[in-house]
Amino acid sequence: MSTAVADAPAEGQASDAPEAIKSFVVTLIIRRFDPDVDTEPHWQDFDVEVYPTDRVLDALHKIKWDQDGSLTFRRSCAHGVCGSDAMRINGRNRLACKTLIKDLDVQKPIYVEAIKGLPLEKDLVVDMEPFFASYREVQPFLQANSTPPEGKERIQSVAERARFDDTTKCILCAACTSSCPVFWTDGQYFGPAAIVNAHRFIFDSRDDASQVRLDILNDKEGVWRCRTTFNCTDACPRGIQVTQAIAEVKQAIMRGHA
Amino acid sequence: MSEQIADGAVIDGVHYHQFDIVIVGAGGGGMRAAIEAGPHAKTAVISKLYPTRSHTGAAQGGMAAALSNVEEDNWEWHTYDTVKGGDYLVDQDAAEILAKEAIDAVIDLENMGLPFNRTPEGKIDQRRFGGHTRDHGKAAVRRACYAADRTGHMILQTLFQNCVKLGINFFNEFYVLDLLIGEVDGPDGTTQKRPSGVVAYELATGELHVFQSKAVIFATGGFGKIFKTTSNAHTLTGDGVGIIWRKRLPLEDMEFFQFHPTGLYGLGILLTEGARGEGAILRNASGERFMERYAPTIKDLAPRDIVARSMVQEVLEGRGAGPNKDYVYLDCTHLGAEVLETKLPDITEFARTYLGVDPVVEPVPVMPTAHYAMGGIPTTNNAEVLSDNTTIVPGLYAAGECACVSVHGSNRLGTNSLLDINVFGKRSGRNAVEYVKTAEFVPLPDNPAAGVRDMLEGLRTSTGTERIAAIRKELQEQMDRNAQVFRTDDTLAAVTETIHGLRERYRNVQVQDKGKRFNTDLLEAVELGFLLDLAEVVVFSARNRKESRGGHMRDDYPKRDDENYMKHTMAYLTGDPHSSNPADHIKLDWKPVVITRYQPMERKY
């Protein structure tokens, strides 16, 4: 290594380079369910060789690819933007592709199970349809009464755009909704994700249907079911301030407008 | 069987549906097509994922359009940049459509609700991007419309939102495995190929569905998973392109694969070119801004092929960083925390999460990552699929990464893919609507699902011993080693051998999950078959092109050779696909490049 490299600010990374990292064996305890065979889910242990920088998704892939091809989970992008692989890891909702092994307590087994509150289909896969049904109910699309100037964009100030920036980040992974104790006990509750997506339009200066959405969410299964436990905010892999967004919708309902 | 089978019928366990238009794939291209088609024709969108999981959502930096919101620009400059960026293998009439219709495409999205970043006047903000220049290369121009570094996410969400608004009929987690083609009477006593529908496997139940339709639009994305280091999702296995290949329709320019310069080291996760658009700089181990040597005028904002090659060259010549001197740095430290947090928040987080590197204070280790297929299913400018250089398959359309119009030539410019899916997605939908107004349903073949059923049952009940993952890993590693940024006849010959061996092993592949419901093991086996087919076409086409152009760099033929290779490759599956020598079953032909305004010139930046 040259002196120049030693001077480079990322030198501290050298000790973390892949060849310097030691692999080790970790135990994953996964809640399995095969609808063709099982009447009840059961827990199964797998020992997997991993690197600290591996994602939980990598560990699941190692099991599926090297040990048991029947282990079933959803995944696609593998870096936290598609929202396929929300699951309960050590009792907390997270994306498997955004949770690194080193950030868990590797002295203990890692417990992995499907997200709660949605019908279990197989292993880590749940039926997402009820989740998307709630999403659709809040009219998650721009509704503007005005016609934009021909061939031009609608004007929106930087501040107006910033007003709803946080809730545009939602990837519909269901980590928030399926971490909500109210949703677990009352499947009719819209849930945090639907409210987040309503918020995204309620506070968009270009939209004219805020009142419609506020009325929808003023329903008995709407925002008032929220008990402000902050599970949703903790669970959001995109760092959306979900509980705050719900509170803003509540305030808008009380004052009668966005 | 005939076209008389009613919508909703179940015969021998196979479900039958009937739609005017079936769109395969629910990424940006598919959903943009659906928004055009849905209100005017009975339309279904079939996707192997939930629509919002599609990889359009992973695109970051922007979508190009000469709006001139922040500085002077026009569509002709954009056309020129696209042609030059593609190393003159771009069909120039198509590039002109892309650049002209870009403006409406961006405005359409804004009007649909897309939350673009804004200028102080409240207009759509624009940023610089690689290869996009003012007045034919004089300096970088701000042409990319963006929403932080989540532009693809916002496009995918906005299109999905509008599909919800329109009540588009989605079949989610349905995996299309076959395209049904019938022969009908054409003009002048000829016969003509036309689609009669598709066959899909429902992941939740393991049951098969036949969708009869007048028109079929393929918008199935790319196949980056033929490589190990890739920005592509696990699901990008080229199923749509593979189906077209197996139907013995041609594939165009398959040798041209784009390696995006800034993949997170060791992982391949994309870090947007928008970072360099905002001023980030690539540095070698000694901290030198090496792109000044390779592209003196626009430096770090040279097109991706040039930047990726320059990075690999730095490493090969011993100037790489790190303990193994095998990467370079993307230095964002001078941009400041505010720019990173507001304009590049996601990539900042990726570097922190996956490498433990904070871009605010330290440079990020990066290397090129397999990113985008320039080649694919040949189409006309109206998104009609071609069965040879000039003959269309009426009723069959393709759009987006799976298609080759060709607007990207041998190297796509950054931000032109989000543009491509919108412009040609819209065109495919609109043209399909026109087509189905007068077209009849083509009769289904007898037992339309039999071929798919046999393939799936063969795999599921196989007593094979070869692990899916082992074959796939070997393919991906050897493609990285031999068919990546630099290629030679020797490396391509070596990987040809590898692929042949893997295709033999694939015949003995093992599916461990014998169940019907959510059998993702079976799905992976099928996907691997497509990957092997497509890798073979990529390598065979690459070996045949004895020149260096755009994304295809032959170390043994380092110069562009316009005299012999200023033409598109057309690959056809002709013989027994299982024969050992690809020359026995792949026939290569050429297709002329459309040149309108710009004569090929040496490419300097």
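How much area is buried between chain A and chain B, and what percentage of that area do carbon and sulfur atoms give? Before I answer, let me say that what we have here is a predicted model, and that every value I quote is computed from it.

The area buried between the two chains, A and B, is about 6000 Å², and carbon and sulfur atoms give 52% of that figure. On the side of chain A, the residues that lose the most area to chain B are A:W65, A:H79 and A:E153, which together account for 11% of what that side buries. As for the residues taking part in the contact, 75 come from chain A and 69 from chain B.

Let me turn to the polar side of this interface. Between chain A and chain B there are 35 residue pairs in polar contact, counting pairs in which both residues have pLDDT 80 or more. Salt bridges across the interface number seven, and one that you can look up in the structure joins the side chains of A:R238 and B:D346, with a nitrogen-to-oxygen distance of 3.1 Å.

Which elements of chain A supply at least two residues each to the side that touches chain B? They are the helices α1 (3-7), α2 (56-67), α3, α4 and α6 (192-202), together with the strand β6 (120-122). Of these, α2(A) gives the largest share, namely six residues of the side of chain A that touches chain B. Sorted by class, that side of chain A has 37 nonpolar, 23 charged and 15 polar residues.

I would like to finish with some backbone details, beginning with chain A. A:Q139, although it is not a glycine, has a positive phi of about 55 degrees, and A:Q139 sits in the loop that runs between α3 (129-137) and α4 (158-163) of chain A. Is A:Q139 buried or partly exposed? Its relative accessibility is 22%, and therefore A:Q139 counts as partly exposed, given that buried means under 20%.

The place of B:A383 is the loop between β16 (377-378) and β17 (384-386) of chain B, and because its relative accessibility is 0%, B:A383 counts as buried.

Lastly, the peptide bond that leads from B:V405 to B:S406 is cis, its omega being near 10 degrees, and B:S406 belongs to the loop between β19 (403-404) and α11 (416-438) of chain B.

Key: Residues numbered from 1 in each chain as written. Chains lettered and ligands numbered in written order. Predicted model: local features only at pLDDT ≥ 70, side-chain atom pairs only at ≥ 80, totals over all residues. Heavy atoms only, no water. Helix = DSSP H or I, 4+ residues; strand = E, 2+ residues; numbered from the N terminus. Buried < 20%, exposed > 50% of the residue type's maximum accessible area, 1.4 Å probe, protein only. Contact = heavy atoms within 4.5 Å. Buried area = accessible area lost by both parts, 1.4 Å probe. Salt bridge = Lys/Arg side-chain N within 4 Å of Asp/Glu carboxyl O. Polar contact = N/O pair within 3.5 Å; in protein donor to acceptor, adjacent residues only side chain to side chain. Nonpolar A, V, L, I, M, F, W, Y, C, P; charged D, E, K, R; others polar.
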